[in-house]
Amino acid sequence: MNVNQHTPMASPYGQPQPGYGQPSYAPLDGGYPAPYAPYNGPASAYQPGAPPQGYSPFTSFPSKAVAANPVSDLSSPLDLGPGRGPPTSGPPPVSAPQQYTQYSHSQGDMQNGPPTMTQAPPRPAVSQPYSQGAMNLSGPPHPSYPQHYGPPPSMQHVTNQMSGMQITSGPPTPAGPGYAPPHSSQAPVSTAFPGAPPPSYTQAPPPAASSAPTQPPTPSGPAASQQYYGGPPPSQQPFNSSLPPTSQQQFTSSAPPPPSSQQSFSPSSYTGPVPPPTQAPAPPVSQPQQSFLPTQPPFSSAPPPVSQPAFMSGPPPPAQGSFPSQAPPPSSQPGSFPPPGPPPTSAPSGQYPGPMPPQQQPPPSQPPPYLSGPPPPRAQMPPTSMAQSNHLPPGPQGPTCPPGPMQQPPSQPGMQGGYPPQQNGAFGQPRGPQPGYAGPYPGQPNYGAPAPAPAPAPPAQKRLDPDAIPSPIQVIEDDKAKSTEPFTTGVRGQAPPLVTTNFQVKDQGNASPRFVRCTAYNMPCTSDMAKQSQVPLAAVIKPLATLPPDETPPYLVDHGEGGPIRCNRCKAYMCPYMQFIEGGRRFQCGFCSCVTEVPPHYFQHLDHTGKRVDCYDRPELSLGSYEFLATVDYCKNNKLPQPPAFIFLIDVSYNAVKSGMVSIVCQELKTLLDYLPRENPEMDSVVRVGFVTYNKVLHFYNVKASLAQPQMLVVSDVSDMFVPLLDGFLVNVNESRLVIESLLDQIPEMFADTRETETVFGPVIQAGLEALKAADCAGKLFVFHTSLPIAEAPGKLKNREDKKLIGTDKEKSLFQPQVGFYNTLAKECVAQGCCVDLFLFPNQYVDVATLGVVPVSTGGSVYKYTYFQAQSDQERFLNDLRRDVQKPVGFDAVMRVRTSTGIRATDFFGSFFMSNTTDVELAGLDCDKAVTVEFKHDDKLSEETGALMQCAVLYTSCSGQRRLRIHNMAVNCCSQLADLYRNCETDTIINFFSKYAFRGILNNPTKAVRDTLVNQCAQILACYRKNCASPSSAGQLILPECMKLLPVYLNCVLKSDVLMPGADISLDDRAYLRQLISCMDVAETHVFFYPRLLPLTKLESGSLPVAVRNSEERLSKGGVYLLETGLHLFLWVGASVQQELLLNIFGTQSFSQIDPSMTSLPVLDNPFSQRLREIVDSFRAQRSRYMKLMVVKQEDRAELIFRHFLVEDKSNSGGASYVDFLCHMHKEIRQLLS
């Protein structure tokens, strides 16, 4: 086993090395996507043929691979590398030893040399679990804590442990969490490593391979270790424990760390043989092994290998006994992290393949660790899917699994949640060797895997097992399982449940997470600490968010003519953070510490604790969110506002009429006008309405109630726009209903035979703005527009779409408005409180980047229906229009964010306008708009007082009332980095990063923006690794528990159409998405970047099926899946789906009879059909835009669109797969640490 394992090591990269994604990482795509070009080098390994993934064997990745496992101690270590044994993660060599150590640990205690087989198993248990843990990563931390006992865990370790990653899996090793003898193991490891490992390693593996592809015989001993390695190395574990709970899933790459020592000896020897194995065959052999081996070769081939090599080399030789020495490699494998998934981290290499599942294996029980024998059949598991995941060719993988011995390991205790163990050892199906891989050992045969292209030997490496790396689904499900009680906001600095969890909120002094979510609920006390960690300090604020029916909307407080009580100095509003003193006669501000007199009418006595006796009777003293009624002092020009108006401006050019848009809009408005927004459902809306149609000229309509027929007034001088009538343009719907209905019936007929194809756009918005100015009110313009405004008029545009600029330094100009006219117009609209919502129906380029300036700057929305067809797009358009007209909205809004001394709001992202550095001005603010605010230090914060922020939004309600909505949030402050990393929210960090990046492309090349994101993410994880994680081999990728999904989500942002467009994505689509994401809240960005994929084979009423990961390998030909992105719904139907399912869903008996053009499901009288339609309706109700349903038949052309959203796989535009990117991140982290 050992041997096998080691081998993989060598190729950490390519192979799915237990270690982590290494393998997959770099090579992954056969070349990194552009962003990761460097990888490419190794990529060669990837070569198309061989490694499915294209993983270069480890190409530079290897070490990376390891890194890939960024398990965070805190969180979860992915055992990419060998164990964490060595406290020092520093030098690779050390690492390597550590790895060994780990193994040792796993063995029982730290033995230096390869641990004995027996011993090893135990270790594995721990680790193994770990692996799972890694998987677990997502899951609860697990027992890691307990583990600490072994060596003194360092804080980090503890944290990791906490995470429980490692530990999770099985019982702790004797040593401790598996940690036990970190120190000793370390050293010994290394020594033992070199010597023994190589030999045994090498030889054993091959045979093993041949005999049992899955498991290498040798491995057994080592395997165990590896297995263990699967989990975080023992040593690591303990540390974890101490650390914050992060799940320490160490995915330790494992491989890398050992590299140094291992490397040295093994690599060369390895390499040689390995390469041959590289061929597919080898990989199969030990799935696990493969991983290593392949790795190695790649290794050798590539320099990076060095670090990895350690792994690699180690592994091969050590085979079993040496394993220990190899340990590192295994560890690495393990470390590898579960990446390979299959290659369970612990299993050395062989194990990796199948056995590795060790994790799967009985949990920690060490014995399984052996596993070494055959990798658990896991490999057999649906390797394909796994493989696919990895990008390994499925076939080969499959074979790997064969090694029956392992048979699938039982699910590992630590396992990720319910994943089947991966063959690689981590979880999931076992994978055969990667096709491209070399056999685990030179000699080894490829076990089941085809010897795919040997050439790419390096690629041979096994790739990380997708089931061994942190799973978003596992994290989401674990959070749902633990969030059973209502979330009470009274505890400062408590992170809320994830946005994917349904939970009830009880406001006890801090704003509900539905209104405010923070990236970190523990802010660093100093700016130096913030710079060191690079964790963005930001809040995503959705001031008018709608609440579920079981939660109380913010109370409205009226303080009379005096208005709201405020601090004299900083003007913060009365809130729970104000401290009453002197018997209640004065209060001290929580933001600036200034003391202010309490007005006589607001005085109240204090109780024995210093609180006012009416504290719980006043929302502003006891709740986090509430509203104040504003006085005339808060109104424009010191006079109370008029009720707002809605103006509908309809394009009646040839394209608009021909597509059916004009008649659909006119027909819908007849009923929609009864649903204008109102405060009180019992009362009629006070919103007035007006109508304009336009092409090259504008037509205004007088719909005064006293008229028998509407009157049309034409303004043809569009260069100097004015409103030709005052009385009769803006009217009350109920008073003028008959005239309005007559007009809406006539408009489609009047323009039915139009031949005018040119349109204007700037004058249309000017017309609506002038009408609102004349009526002295705020309001919203609904513009229905079809084409690029090329007619002579202000704001005229030209077609500037130029595909040749994509990817060049001039590409940024395509996202900037082509004329300055619209920026000036937007400023005028904001000053009047004129919000613009734009509905686009383009058949070609319309320059969304320019047309969207006014909607985005005024707090409006852009809706786009490309190639609009009445039959298929009417439902989506009308649902969007209905929701847009009816939703709660405020006008003429100004938002200011105040903070306590020490931090201040410095940057804002969203749909708004800013004329100074503090006030966010929104002509309109609806319930879907979110503003992301970044904070920076301007002084030190104290752990005692924490940090406070207060968001105040002054706005006019849809009934014409001026109000102030207040949201307060208090977070903790910390002087220890481990505390910061224990209390972050990855979904919010991704929301911030995506908005930061999407704004960045206005001024920088997209590649520079992507590189900046990768670098910042690597710095965040490297800081954690260096300062918080317990010492461990460099081969391990250690991720903080709460950030273990940062790499997968960040990769989704990098691969998005905005930052890495495919050839079929238009410039307008990219500009549209860029604007759309700028005002999304956390729940929307989450599902947009990582869509929800539900298997629909069994549906139960009351609960949704558990989602599966976004990868093609998770799809079954006999299944039906629903994919939701927040903008689209896809129903994917497998080619061999059961007839019963077809009858229940479509009412047809065969796959060929399904109509792929259907946009709504047939209404059938059976429970399955009813439940499926309920699910689709509930998904649509959760989103701000109506999602059109698209039926996708397997092997159909539409499947290309569907696959674009399987974000864990490599993308057609060059985006890396999750496994490859994890390896890439590990490499970046290791470079920063070295």
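**Ground rules**

I worked on a predicted model, where local features need pLDDT of at least 70, side-chain atom pairs count only at pLDDT 80 or more, and totals for chains, interfaces and linings use all residues. Residues are numbered from 1 along each chain as its sequence is written, and side-chain values use heavy atoms, with hydrogens and water left out.

**Entry: aromatic pairs**

I looked up ring pairs, taking rings of Phe, Tyr and Trp (its six-membered ring) as paired if their centres lie within 6.5 Å; planes under 30 degrees apart are stacked, over 60 edge-to-face, and the rest tilted. The structure has 33 aromatic pairs. I noted Tyr626 and Phe628, which make an edge-to-face pair because their planes stand at 70°, with the ring centres 5.4 Å apart. Tyr626 and Phe628 are both buried (buried is under 20% relative accessible area, exposed over 50%, partly exposed in between, with a 1.4 Å probe and protein chains only).

I then noted Phe909 and Phe992, an edge-to-face pair with 5.5 Å from centre to centre and 85° between the planes. This pair links distant parts of the chain, 83 residues apart: Phe909 is in strand E20 (residues 903–909) and Phe992 in helix H37 (residues 986–1000). Helices (H or I, at least four residues) and strands (E, at least two) are DSSP runs, numbered from the N terminus. Phe909 has a relative accessible area of 3% and is therefore buried.

**Entry: Arg612**

Over which rings does the charged end of Arg612 sit? I found it over Phe580, 4.9 Å from the ring centre, and over Tyr602, 4.4 Å from the ring centre. The rule I used asks for NZ of Lys or CZ of Arg within 6 Å of the ring centre and within 35 degrees of the ring normal.

**Entry: second largest pocket**

On a 1 Å grid over the protein atoms alone, a cavity is a set of points where a 1.4 Å probe fits but cannot get out; a pocket is an open set with protein on both sides within 12 Å along at least five of seven lines, and lining residues have an atom within 4 Å of a point. Points are joined across faces, edges and corners, and a volume is the space filled by probe spheres set on them.

The second largest pocket holds about 1400 Å³. I listed 48 lining residues, with Val499, Asn502, Ala1083, Gln1182 and Arg1183 nearest the centre. Helix H41 gives the largest share of this lining, 5 residues. By class the lining has 26 nonpolar, 9 polar and 13 charged residues (Ala, Val, Leu, Ile, Met, Phe, Trp, Tyr, Cys and Pro are nonpolar; Asp, Glu, Lys and Arg charged; the others, Gly among them, polar).

**Entry: cavities**

I counted 5 cavities of 30 Å³ or more. The largest cavity has a volume of about 260 Å³. Its lining has 23 residues, and Leu1076, Cys1079, Met1080, Ser1184 and Arg1185 are the closest to its centre. H40 supplies the largest share of that lining, 3 residues. I sorted the lining of the largest cavity into 10 nonpolar, 7 polar and 6 charged residues.
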